[in-house]
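Reader: I've got a new model open on my screen. Can you walk me through it?

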Amino acid sequence: MAVQPRSDEQGYRVHSSHWGPFEGRWLGEQLDIRPTCSVGETPPLMGNLVDTARHATRVTQPMIRSGWLEAGPGPSIRGRDPFIPVSWDEAVRLVGDEIRRVIELHGNESIYGGSYGWSSAGRFHHAQSHVHRFLNVAGGYVASKGTYSTGAAEVFLPHVVDAVDTVTSLWHDWEAIITGSDLILAFGGIPLKNMLVAPGGVADHCGHENLRRYSANGGTVVSVSPVRDDVPTDLPCEWIPMRAFGDTALLLALSYVLINEGLHDERFLDRYTVGFPRFADYVLGKTDGIPKTPSWAEGICGVAASDVVLLARRAASSRTLVNTTYSLQRSQFGEQPLWAALSFAALLGQVGLPGRGFSYGLGSMGSHGKLPMAFPIPALPQGKNRVATFIPVARVADMLLRPGQDYDFDGHVLTYPDIHLVYWAGGNPFHHHQDLFRLREAFARPDTVVVHEQYWTATARHADVVLPVTLSMERSDLGAGRQDTRLIAMHQLVPPLAGTRDDFDIFADLAAHLGVREEYTEGRSSHQWLDVMVAQVQQSMSSVGLNPPDRDEFWRVGGLDIPTRPRGETPIEAFRRNPDRHPLPTPSGRIELFSEVIASFGYDDCPGHATWLEPSERVTVSEQQQGFLQLVANNPATRLHSQLDPGRTSRHSKVSGREPLRIAARDAAVRGIADGDLVRVWNDRGQLLAGAVVTNDVVDGAVQLSTGAWFEPADLDGRPTCIHGNPNSVTLDAGTSRLSQGCSGQLARVRVEKFLGEAPDVTVTKHAPHSD
Ligand SMILES: Nc1nc2c(c(=O)[nH]1)N[C@H]1C(S)=C(S)[C@@H](COP(=O)(O)OP(=O)(O)OC[C@H]3O[C@@H](n4cnc5c(=O)[nH]c(N)nc54)[C@H](O)[C@@H]3O)O[C@H]1N2
Ligand SMILES: Nc1nc2c(c(=O)[nH]1)N[C@H]1C(S)=C(S)[C@@H](COP(=O)(O)OP(=O)(O)OC[C@H]3O[C@@H](n4cnc5c(=O)[nH]c(N)nc54)[C@H](O)[C@@H]3O)O[C@H]1N2
Ligand SMILES: [Mo]
């Protein structure tokens, strides 16, 4: 597996991205890329790097919204005024003075610096680390907690089984799965597109190969999903087309069959779980009069009752792994499908056997299923935040719209702070948040919005101050995923675009303006910080008995291999061996099919055991007959989120210039929609235009439209419309439940029709906004 990236005589140098390392050579306008330093398949996302470094949508100068410059800070509808270029000195003075003004008048608790987002892959030039470190030396900020990725699971899973990190990175590895199981019941599939990506990048793209080996070894992946290609179509995987939102009902019915047929493992349930009797009473209908039978579930999930019975028996007679992708919990009541899956896996009695039982997130990220590195890779320390107030990350619009209002979170009543200044670096809330037209209203509330961006994203367009930053490939950095095999020496490949600066240098100047430069930089330049981080890695290597290369050799060779931790006994295997000596970190030390703690909170949207709750966004069979469709807004195959949307791979996937929307042939036919047609997708919250792809790869009643098309709001026939196809124009902005308040953007109820009007051209991915 040791592939040696190198900087060769033809001018190729090593760099990395969230979708893995590559060698690049700058040709003046374009990048020539060789993916030779990663193992396995080349992610199509590489194509987006080729022609975007000098794209017309780059921000090339500090820009100030004219209304803010003229009228001064204050609430205002953002996203309309032209921008006025200013010098860097002027920009630093304006932003520095404004931060000081806000702190003096309203305190640090009026600055929102959560700044959620993926930014770029390097360990040092990591925008969030910098913005947090800067705001910390400036006295602190309101932070965000959790992620859009797994917000519900992060709060919920520790109550009933273990921390998300433990479950995703320590419970299961591919080798054990390949040899230890012969059936993966994959809720949300194991999508290849998602395994090409991880926060620190992926040097070893082994997902497809591992699934191939799994099949070759006699294993079967049964994907339960509204979309066929959530499992590789070139492998003999099975697809159970299920209506989205159907998992909880299906899993309760699978549990019903086990209990009804005496196939559940009572010995396991007695020894390793609590709450089975309460759960069983509910499943059998003793508590609410509704037995969760296969025919009951069929009415919700669309899987034939007879197939549910067969699937339950098959799971009971196989060496089974029940896997849940992140997507399941990124929708209303997202805690429930996870709890139902964990409960079903517990009934099967295989939890804690290698490669079997319950898993969360396999297929959602390139890191899962791999062993962690033998030692941690250094990161920029963020310092200490003196402000204790935080919000669950996906409650950002509520926070801005409802200062002073109380809300529930994980057994606590919290209060939204009154935010006057929003600082964002390395994220795109006008891509990632739900109900974007509502977010526009929310972004009208603060006095000032400062954004560091490389491109004129919708978030940059909704700022008062836009500070242009360098691309990852315009600077040097270090890159590594936590569960990967290599530390990448990320060489600068492209000269920085004139007018742009590194986030670090911008914050260093702002810190100087506020009199805290030394605290922020610790007297180091970015190159000196990189030297410190390389030295830390060298030290870690020596401490595990390895002989590290010296600094120059590291950069010359383009990286170094990092050993993984030996597998050993996993925490869940230890628990199975001896649950008294190795209890789970739950209140009972056992898997909780009923949680006294959660029940004690009294939340009707997250009761004490896995429960079928009817989501308001679910399209029922009768609503489908009335013309509603279930929108599946999943993560894109052609991009990472919204990053580099104008790039080659993303651009080529567009249909009639808009984001592709896949619709089942039958649903298209009744609407007179043909392949390539422009369609209008709408509900009460807003509408969007997309390009139709008619297919048999989505279940009837669903349409699939990935996230990430750059949001381009317009007024079309009096309705707020994204003319480019960002699904968050129509998604619901509400927490998964009062317990976790996670993002629930994956699924929405919409109507779709052929668009017959005059469609404005998409401009957001073509050029910068108008400036004076
Ligand atoms: N409806 C719906 N919505 C979703 C999801 C869903 O499934 N459905 N998925 C959610 C998930 S899982 C996630 S993680 C979020 C992702 O949401 P985000 O992480 O916000 O999305 P990105 O497009 O990665 O945004 C990163 C931004 O940082 C900029 N950037 C890159 N490098 C740098 C840098 O070095 N410095 C600075 N200053 N900026 C930089 C990029 O240009 C880009 O605009 O979306 C969420 N939204
Ligand atoms: N190429 C690429 N890879 C990525 C990302 C990206 O933007 N692009 N983003 C990364 C990030 S930040 C994250 S958090 C992960 C996200 O990982 P996930 O959340 O797992 O990814 P998604 O693609 O949103 O969803 C996976 C699949 O779940 C299916 N699904 C949707 N609703 C339901 C449902 O109700 N039930 C069932 N059973 N299935 C359903 C959809 O068909 C979808 O394709 O992906 C990571 N990987
Ligand atoms: Mo995510």
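Reader: How many salt bridges does the structure hold?

Author: The structure holds 53 salt bridges. Bear in mind that this is a predicted model.

Reader: Take Arg-101. Which residue does Arg-101 form a salt bridge with?

Author: Arg-101 pairs with Asp-447, and the closest N and O atoms are 3.1 Å apart.

Reader: Asp-447, buried or exposed?

Author: Asp-447 is buried, with a relative accessible area of 9%. Arg-101 is at 28% relative accessibility, so it counts as partly exposed.

Reader: What about Arg-662? Which residue is in a salt bridge with it?

Author: That's Asp-229, with the closest N and O atoms 2.8 Å apart. Arg-662 sits in strand β27 (residues 660–664), while Asp-229 sits in the loop between β11 (220–225) and β12 (238–241), so this pair ties together parts 433 residues apart in sequence.

Reader: Why does Arg-662 count as buried?

Author: Because its relative accessible area is 16%, and the cut-off for buried is under 20%. Asp-229 is at 32% relative accessibility, so that residue counts as partly exposed.

Reader: Now Lys-654 and Asp-645. Are they buried or exposed?

Author: Both Lys-654 and Asp-645 are buried. Their side chains meet in a salt bridge, 2.8 Å from N to O.

Reader: Which residues are linked in a network of salt bridges?

Author: Arg-395, Asp-398, Arg-402, Arg-438 and Asp-733 are linked that way. Within that, Asp-733 forms a salt bridge with Arg-395, and the closest N and O atoms are 2.7 Å apart.

Reader: Switching to domains. What does the domain assignment give?

Author: The assignment gives domain 1 as 63–145 + 376–561, domain 2 as 151–363 + 582–601, and domain 3 as 621–754.

Reader: How far apart do the C-alpha centres of domain 1 and domain 3 lie?

Author: Those centres lie 30 Å apart. The contact takes 26 residues from domain 1 and 31 residues from domain 3.

Reader: And what area do domain 1 and domain 3 bury between them?

Author: About 2,300 Å², with 59% of it on carbon and sulfur atoms.

Reader: Which three residues supply more than any other three on the domain 1 side?

Author: His-431, Gln-434 and Phe-437. They supply 32% of the area that domain 1 buries against domain 3.

Reader: How many salt bridges are there across the interface of domain 1 and domain 3?

Author: The rule finds 3 salt bridges across that interface.

Reader: Last topic, the sheet with β1. In what order do its strands come?

Author: The order is β1-β2-β3, in an open sheet of 3 strands with antiparallel pairing. β1 (13–15) and β3 (31–34) stand at the edges, each with a single partner strand, so one side of each has no neighbour in the sheet.

Reader: How much are neighbouring strands of this sheet turned against each other?

Author: By 40° on average, direction ignored.

Reader: And over how many bridges do β2 and β3 pair?

Author: Strand β2 (residues 22–26) pairs with β3 over 4 bridges, in the antiparallel sense. Glu-23 stands opposite Arg-34 in β3.

Technical notes
Residues numbered from 1 in each chain as written. Chains lettered and ligands numbered in written order. Predicted model: local features only at pLDDT ≥ 70, side-chain atom pairs only at ≥ 80, totals over all residues. Heavy atoms only, no water. Pairing = 2+ DSSP bridges. Helix = DSSP H or I, 4+ residues; strand = E, 2+ residues; numbered from the N terminus. Axes fitted to C-alpha atoms, helices over the stretch in contact; angles between N-to-C directions. Salt bridge = Lys/Arg side-chain N within 4 Å of Asp/Glu carboxyl O. Buried < 20%, exposed > 50% of the residue type's maximum accessible area, 1.4 Å probe, protein only. Domains from an automatic or database assignment. Contact = heavy atoms within 4.5 Å. Buried area = accessible area lost by both parts, 1.4 Å probe.
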